[in-house]
Amino acid sequence: MQRIGVFVCWCGSNIAATVDVDAVVEAVKNEPGVCHAQNYQYMCSEAGQGLIKNAIKEHNLTGIVVCSCSPRMHEATFRKTAEQAGLNPYMVEIANIREHCSWIHKDKKEATEKAVILARAAIAKVNLNTPLRPGESMVTKRALVIGGGIAGIQSALDIADAGYPVDIVEKSPTIGGKMAQLDKTFPTLDCAACILTPKMVEAAQHPNINIYSYSEVEAVTGFVGNFDVKIKKKARFVDEKKCTGCAVCTAKCPSRKGGNEFNCNLDNRGAIYIPFAQAVPNVACIDSTRCIHFKTGKCGICEKSCSAGAVNFDQKDEIIEQKYGAIVVATGFQISDVTKFDEFQYTKHPDVITSLELERIMNAAGPTKGTLLRMSNKEHPKDIVFIQCVGSRGNTCRDKTYCSKICCMYTAKHAMLIREKYPDVNVHVFYIDVRTPGKNFDEFYRRAVEQYNVDYIKGMVGKVWENEEGRLTVQGVDLLSNRRIMLDTDMVVLAAAIEPSEGVRNIATMLTASIDTNDFLTEAHPKLRPVESPTAGVFLSGVCQGPKDIPETVSQAGAAAVKVVGLLAKDKLVTSPCTANANELMCNGCSTCERVCPYGAIDYIDKEVNDHGKREVRRIARVNSALCHGCGACTVACPSGAMDLQGFSNRQIMAEVDAICK
Amino acid sequence: MQVSENTENKEFKPLIVAFCCNWCSYAGADLAGTSRLSYPAEVKIIRVPCSCRVNPMFILKAFEKGADGVIMCGCHPGDCHYSTGNYYARRRMTLLFSMLDYLGIDRARTRVEWVSAAEGQKFSLVMNDFAKTVTELGENIKLGDLRCKKQQD
């Protein structure tokens, strides 16, 4: 028989205001096994924990139930408390009477009754708890960063500086990500390339960093501290070691019809290309879908023109297998599809562009060499209209429900840069709200309005069409004066919503990391563990977790790196003892459990068992507790009921059901 | 056997057991709590590591002990913390539901819902809706233990 202590927390007034804590103590006092019950204002406080420790020693308790907040919050705390008092930490159960009771119910009688039942269920479970011993696993002291944008680069640099080897896997031929495409950055207006490219070079030259560019993660198995990752290094048909980045081949390539992704397809590039001049690694790459050699077997001009002999048409995809202790996801974002917003004529008129396209047009290395031109006739525009929240903050199936966060600021930046460089151009901005929280952000926006006379119009645009003069007419509303507005303009710039990169769903599935309804990766706790995924050993960096600007991305990348370093600094990890276990006498070796196990943790051995005095060798299931994650799939699949899960055993759950239904 | 005190003169309050997976739905329920989104106190949550840990026997056991409704919540298909657990759970529950007809339990008394850790609001809506459905169905007939011959009253 267990000797159980029940500790009811008031959580200040969070619980005590709705649950009669004295009544709960009174009600559970005579439950089977309970030999001590008390309540206290803050159980998680030093004093509260001291109280638990004293009670364990004084009453010689073998198990405790804490009626408090969610086990996701303080289970670990109270387990540690129990351990300090000499009790096995797995003899602790939490009755969640805050999140699941006091916070959602108003009626005190009802809430108290429910709290008593939840406490009884936990007591019934503890009665069947057995002391468990956690296992240990080793930590591979190497980190993987998926994505080589500013988030990935920063995380990798911080981890590498702490002394651990890091691999960056980047799907495109160069690292740099979206930031490399930007012209200037708000609110300081410094040039994006000037602050990013030194970091790219630093990453490439860092002795602890290894960059797999033009590569993708193929498969991830294992668990925290011991991930086995397969990386596919796509064939770029150029020997990375030989190529000097002289770019002779890229200039000579005759296949020039395809769009240049780096410039948002506003101009073309060759089939062999270097994405941009400061690319890292500065190595050419052949796009086999466009290359004449791969289509016809002829051409080969690049091969002939390469003095280093780097072009190799026979190169094959390569699979690299590597072990990692921690993984940082820094997959970033993409511009959402604006072709759905047909009323703005994006697909029909070349003068309707997205903000990222404008960014390339304004950039000195862009398709117009930095001169602001209409894409339709390459003439200087007189008027430009910006439309905010295209695809953000909406509730139709075309829209994202969230705010993309960066658009208000980059539009103010664009407006300001245009007015600065071309004072003759009139700039109008249609907005729903202007959101500028951030250091020096509102001052920046105000400068755009007050100093640069940008015309901000509160209201949305309904329609854009090409008028008889060949210009564009924008029809919108001005909500402040409550009238319809028709503006003739030369260019329309859409502040398109940002969304997680394509393929993040695939990566999340491989990592068993959860994503929300918008495909952003979810954090382990929205406030207290914002850079960790609920999956142990997986960390989040940058926009893959939610929209954010560069300073925020960099801070989060650093935070994720600290968490990785904290993990890699450990020599051994404690593994959860809540793993499956087969009862030797009941197992008949049917292999059903093996087939449902997602981790391959089950194998079979021939073992001599003593079945009521009869000794025989049987084939029975064996669970590798280092691989078992404790999901319990096997326990239900087992036809003979031989499999059980420690910590969530059949008897324990049945006891909880009993206690609740009593 | 205990006789429910509520049935005679007070309005009927059903007894509902909710199995929630630790990673999504239990966290979703926590979020409902943090956001103060109420649902009936009749709903009592049992935490399981994954929806695939829910043995159909647990559900039958709950009905046997007098539950009026049992709901199982897990991560959305494709989002299982253990990759595939909720797929197993989904299939098992489909089989169980067809068996409930045979046992004479209204199928509306059981439900499977996918609630993510971010869907506190959905958790609250689902529980309100399920409690309403079960309340309308009224008190459940207790499943008798077939091994027990003696009639209990």
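How many residues does the contact take from chain B and from chain A? The contact takes 43 residues from chain B and 40 residues from chain A. The legends below describe close-up views of a predicted model.

**View 1. The side of chain B that touches chain A.** Of the elements of chain B, helix H1 (25–34), strand E2, helix H2 (56–64) and helix H3 (85–103) each supply at least two residues of this side. H1(B) gives the largest share, six residues. Sorted by class, the side of chain B that touches chain A has 24 nonpolar residues, eleven polar ones and eight charged ones.

**View 2. Helix H18 of chain A against strands of chain B.** Helix H18 of chain A, residues 650–661, lies across E1 and E2 of chain B. The direction of H18(A) is at about 170° to that of E2(B). E2 of chain B is also among the elements that supply at least two residues of the side touching chain A.

**View 3. The open sheet of chain B.** Four strands of chain B make up this sheet, in the order E2-E1-E3-E4, with parallel pairing. Its edge strands are E2 (43–48) and E4 (110–114) of chain B, and each of them pairs on one side only. From one strand to the next, the twist averages 20°. Strand E1 of chain B, residues 16–21, runs parallel to E2(B) and is joined to it by six bridges. One bridge pair consists of B:Ala18 and, in E2(B), B:Ile45.

**View 4. Chain B as a whole.** Chain B has four helices and four strands, and along the sequence these follow the pattern β-α-β-α-β-α-β-α. Of the 153 residues in chain B, 55% are buried. Among contacts in chain B between residues at least 6 apart in sequence, those joining residues at least 24 apart account for 81%.

**View 5. Helix H2 of chain A.** H2(A) spans residues 46–58, 13 residues in all, and reaches 18 Å from its first C-alpha to its last, close to the 18 Å expected at 1.5 Å a residue. Which residues of H2(A) are buried? They are A:Gly48, A:Gln49, A:Ile52, A:Ala55 and A:Ile56. Seen down the axis of H2(A), these buried residues fall within an arc of 120°, so they line one face of the helix. Their cover includes strands E1 (4–9), E2 (34–40) and E3 (63–68) of chain A, together with helix H3 (71–84) of chain A. The face of H2(A) turned away from the buried side carries exposed residues, namely A:Glu46, A:Ala47, A:Asn54, A:Lys57 and A:Glu58. After H2(A) comes A:Asn60, which has a positive phi, near 55°.

**View 6. A five-stranded open sheet of chain A.** The strands stand in the order E10-E7-E6-E16-E27 of chain A, and the pairing is parallel. At the edges are E10 (209–212) and E27 (538–540) of chain A; each has a single partner strand, so one side of each is left without a neighbour in the sheet. Direction ignored, neighbouring strands of this sheet are turned by 20° against each other on average. Strand E7 of chain A, residues 166–169, runs parallel to E10(A), and four bridges join the two. A:Val169 has A:Tyr212 as its bridge partner in E10(A).

Methods: Residues are numbered from 1 along each chain as its sequence is written. Chains are lettered from A and ligands numbered from 1 in the order in which they are written. This is a predicted model: local features need pLDDT of at least 70, side-chain atom pairs count only at pLDDT 80 or more; totals for chains, interfaces and linings use all residues. Two strands pair if DSSP finds at least two bridges between them. Axes are lines fitted to C-alpha atoms, for helices over the stretch in contact, and angles run from 0 to 180 degrees between N-to-C directions. Two residues are in contact if their C-beta atoms, placed from the backbone, lie within 7 Å. Ala, Val, Leu, Ile, Met, Phe, Trp, Tyr, Cys and Pro count as nonpolar, Asp, Glu, Lys and Arg as charged, and the others, Gly among them, as polar. The expected span of a helix is 1.5 Å times one less than its number of residues. A residue is buried if 20 or more other C-beta atoms lie within 10 Å of its own, exposed if 12 or fewer, and partly exposed in between; C-beta atoms are placed from the backbone. The arc is that of the directions from the helix axis to the C-beta atoms.
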